[in-house]
Amino acid sequence: MPVTVLLVDDEPLARAGLRAILDGQPGIEVIGEAADGIAVLPMIRRSRPAVVAMDVRMPLMDGIEATRAILRALPDPPKILMITTFENDDYVYRALRAGADGFLLKRARPDEIANAVRTVAQGDSLLYPASIRALAVGRGNADARAALAGAALTEREQAVLRHLTRGMSNLEIAARLLVSAETVKTHVSAILAKLRVRDRTQAVILAYESGFAEAGSDHATELNRGRG
């Protein structure tokens, strides 16, 4: 079955360009287009796409509000991939906080765009660690620190979370930690449950807002050096 995609962007040329790129990729099929976030929810209910590739800034309903609407209304929502011009964009951060699964830069190469769609479709987050770190600066809060402290993550779960903050997939983490991908998947599920977050993206954001990612960066570097 192909990965089905709904394109949402107020610029017709942007939609046409994305459609041309994605329809030319094996295993990906664009099944619809919308010109604004306000039209997204009805279209999702009709066509049931696996991925919504959505511009973050639109005139009537932006990607942030559209993401919130999708997650509120649907028990089994599609993956949401935000499309943005600028990686250090407050809109992007707010969209990720709202529940988007990752973001994609409009200047990305065709193969990067296709890989981004496949990545979120299979359940991995699509994050750029340097960008998330920059966006998270100054946003640390007591709630995030309390949530992390209360989660009581094991040492191995902390190691997995640190690798998640670096944008690594389950397979990449498994190779680093010398365990199976299924073991990593189990650890990720435990991390999400303990942190009480919806997905990997939310876990990564909490890790940055709590200061965990920065505090663990040296340890993660040493761990990677030892496993490399």
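**View 1. Helix α10 and the lining of the largest pocket.** In this predicted model, α10 contributes four residues to the lining of the largest pocket, the most of any element. Two elements give two or more residues each to the lining of the largest pocket: α9 (170–177) and α10 (181–195). The lining numbers 17 residues. Nearest the centre of the largest pocket lie Q122, G123, D124, N170 and R200. The space inside comes to about 350 Å³. By class, the lining of the largest pocket holds seven charged, six polar and four nonpolar residues.

**View 2. The second largest pocket.** This pocket has a volume of about 260 Å³. Its lining consists of 14 residues. T119, S125, G167, M168 and S169 are the ones that lie nearest the centre of the second largest pocket. Here the lining splits into six nonpolar, five polar and three charged residues.

**View 3. The five-stranded sheet.** The sheet is open, and its strands follow the order β2-β1-β3-β4-β5. Pairing is parallel. Which strands stand at the edges? They are β2 (28–34) and β5 (102–105). Each has a single partner strand, so one side of β2 and one side of β5 have no neighbour in the sheet. On average, neighbouring strands are turned by 25° against each other, direction ignored.

**View 4. Strands β3 and β4 side by side.** Strand β3 covers residues 51–55, and strand β4 covers residues 79–84. The two run parallel and are joined by five bridges. M54 has M82 in β4 standing opposite.

**View 5. Helices α1 and α5 against the sheet.** Helix α1 lies across β1 (3–8), β2 and β4. The angle between α1 and β2 is about 165°. Helix α5 lies across β1, β2, β3, β4 and β5. Its direction makes about 150° with β4.

**View 6. The packing of α1 on α5.** Helix α1 spans residues 12–23 and helix α5 spans residues 110–121. Their axes are 9 Å apart and meet at an angle of about 75°. That angle makes α1 roughly perpendicular to α5, because values from 65 to 115 degrees fall in that class. From α1, the contact takes in L18, I21 and L22. From α5, it takes in P110, I113, A114 and V117. What classes of residue make up the contact of α1 with α5? Seven are nonpolar, with no polar and no charged residues.

**View 7. The packing of α3 on α4.** Helix α3 (residues 63–73) packs on helix α4 (residues 90–98) with the axes 9 Å apart. The angle is about 5°. With that angle under 35 degrees, α3 is therefore roughly parallel to α4. I64, T67, R68 and L71 are the α3 residues in the contact. They meet Y91, R94, A95 and A98 in α4. The contact of α3 with α4 has five nonpolar, one polar and two charged residues.

Note on methods: Residues are numbered from 1 along each chain as its sequence is written. This is a predicted model: local features need pLDDT of at least 70, side-chain atom pairs count only at pLDDT 80 or more; totals for chains, interfaces and linings use all residues. Side-chain values use heavy atoms; hydrogens and water are left out. On a 1 Å grid over the protein atoms alone, a cavity is a set of points where a 1.4 Å probe fits but cannot get out, and a pocket is an open set with protein on both sides within 12 Å along at least five of seven lines; lining residues have an atom within 4 Å of a point. Grid points are joined across faces, edges and corners, and a volume is the space filled by probe spheres set on the points. Ala, Val, Leu, Ile, Met, Phe, Trp, Tyr, Cys and Pro count as nonpolar, Asp, Glu, Lys and Arg as charged, and the others, Gly among them, as polar. Axes are lines fitted to C-alpha atoms, for helices over the stretch in contact, and angles run from 0 to 180 degrees between N-to-C directions. Angles under 35 degrees count as roughly parallel, over 145 as roughly antiparallel, 65 to 115 as roughly perpendicular and the rest as oblique. Contact means heavy atoms within 4.5 Å. Two strands pair if DSSP finds at least two bridges between them.
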